[in-house]
Amino acid sequence: MFLTIGTTGTLERPATDLGFLLHKHPGRAQAFSTSHGTAHVFYPEASAERCTAALLLEVDPVALALALVRRGKGKGRGGAPDAALAQYVNDRPYAASSLLSVALATVFTSALGGVCRSMPDRAGAPLPLRIEVPALPARGGAELVRKLFAPLGWERVEVGAVALDEQFPEWGDSRYVRLVLEGELRLADALRQLYVLLPVLDDAKHYWVAPDEVDKLLRAGEGWLADHPERPLITRRYLSHRWGLTRQGDRALELVRLAESDDLDVDSVDNAVDESTDTEEKPVPLAEHRRTAILEALRGAGAHRVLDLGCGQGQLVQALLKDVRFTEIVGVDVSMRALTIASRRLKLDRMGERQAGRVTLQQGSLTYTDKRLKGYDAAVLSEVVEHLDLDRLPALEYAVFGSARPRTVLVTTPNVEYNVRWETLPAGHVRHGDHRFEWTRAEFREWAGKVAERHGYTVAHLPVGPDDPEVGPPTQLAVFTLTDTEIDKKTDKKKEAEAA
Ligand code: SAH
């Protein structure tokens, strides 16, 4: 899967500035691993006059098939592994599909967000751009491709047929087109259009793509989607693509409409999609139950210096800040985007010195040991473990319980048994597209028990949310406490270090 982004320039405003805007150096070929394969970024040409960046996604068909089988397991629709595999013995590695869209967002996150600290004025201004996608699956035909891109400010939208086999023109055209876009647009706008429209044109269905799709669509669609004549089609296809034509998809559409008219904030979208229940009175969102349970457990453990690992958009950090007993709060996340939103939510830039001194947000991955995380009273992993592939869990386990080693660790995760109770969740689906797994109560206890044993902790389990007599609570919370002997060992080590 392949696309190129080119621009032209002059000696004063060199085209190679594109490298800054994309946050990728024109002199280097770089590779990034994504969940479906390796994404390469390189520059076929890079001079002051002309500069072109290429994004090539080398799909790992085996990983893809495995992911599909794993996710398809027990899912009814497209659930049989054979059917799933058959879907992938196809053109996926070559055609620019939704996987390329995911890669685009992974590799060019800052550019997509319009962020460029070194050249903010260039990021904010239109550039002469040329984008080429040599093989674009065109569900709906060339005509639809034209309809989708024509209203978006391009001077030239060229949609050419791609022959099935160039050596045998008599075989006719394939279902792919070659797309060339030329015009003066902000780079971020162009990337956002591709991010949304590539999956809209792709007719394969996936269930594993990232969470918060409504939120993402709203963000990526900012400034161009609301007035697009094909908006209903784009929204419907984008979301049904990500969710399947399910009730949750319909619910999401409703929310998109609401959000467009109402500027609904991101959190209420999340809550409504994931945590709505069917009760008549307004239910307390599950996220709130979770935060309350976490705060109580932290207070009970006498924690003052707390790590929020995988802090996301900072809701828990915000709640912790409200209680003065938490003297030091560190939010860690791998996603810069989440951290940016968290910092906005907390109004870090406008906070008084005293408050600001209590809180730090830092980027980091929990699958690597990190010295900065040592020496805290407690660590919280709220709804984080299920976002990691199972084979990365031992790395997280070591980083948290082996290396950072706070006295208390709180882990929350969905209880998959409860999923049958969600009105909006189609049977067999996990709660988020990005959940790599969801555990039963027994599975979580088994994991937690082993972790505790390996690292010298005890573990207690608490329900969060309504504890259903049959299927248990929607969220499970494990409270790990370092045993006294381990605490003694830690104190001894510290004393030794001080003495030395
Ligand atoms: N703790 C928050 C967010 C949960 S969503 C809450 O309870 O609402 C999961 C978060 O984990 C996301 O923000 C994601 O970016 C982060 N995450 C996933 N893998 C991670 C990793 N390896 N290292 C750090 N953060 C990670």
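Select strand 1 (residues 2–8) and strand 5 (residues 127–137): the two run antiparallel and are joined by four bridges. Strands here are DSSP runs of class E with at least two residues, helices are runs of H or I with at least four, and both are numbered from the N terminus; two strands pair if DSSP finds at least two bridges between them. The model is predicted, so local features need pLDDT of at least 70 and side-chain atom pairs count only at pLDDT 80 or more, while totals for chains, interfaces and linings use all residues. Residues are numbered from 1 along each chain as its sequence is written, and side-chain values use heavy atoms, with hydrogens and water left out.

Within this pairing, highlight T7, which stands opposite L129 in strand 5.

Turn now to the cavities. The structure holds three of 30 Å³ or more. A cavity is a set of points, on a 1 Å grid over the protein atoms alone, where a 1.4 Å probe fits but cannot get out; lining residues have an atom within 4 Å of a point. A volume is the space filled by probe spheres set on the points.

For the second largest cavity, of about 60 Å³, select L21, A111, G114, V115, C116, R122, A123, L187 and A188. Helix 6 (120–124) and helix 8 (187–201) each supply at least two residues of this lining.

Finally, select the ligand and the 14 residues that surround it, the closest being G310, D333, S365, L366 and S382; a residue counts as near if one of its heavy atoms lies within 4 Å.

- a ligand nitrogen atom to a backbone N or O atom of G310, 2.7 Å;
- a ligand nitrogen atom to a polar backbone atom of L366, 2.9 Å;
- a ligand oxygen atom to an N or O atom in the side chain of S382, 2.6 Å.

Taken alone, the ligand exposes 570 Å², of which the protein buries 77%, with areas from the Shrake-Rupley method and a 1.4 Å probe.

Definitions and conventions:
Polar contact = N/O pair within 3.5 Å; in protein donor to acceptor, adjacent residues only side chain to side chain. 1 Å grid on protein atoms, 1.4 Å probe; cavity = no way out; pocket = protein on both sides within 12 Å on 5 of 7 lines; lining within 4 Å.
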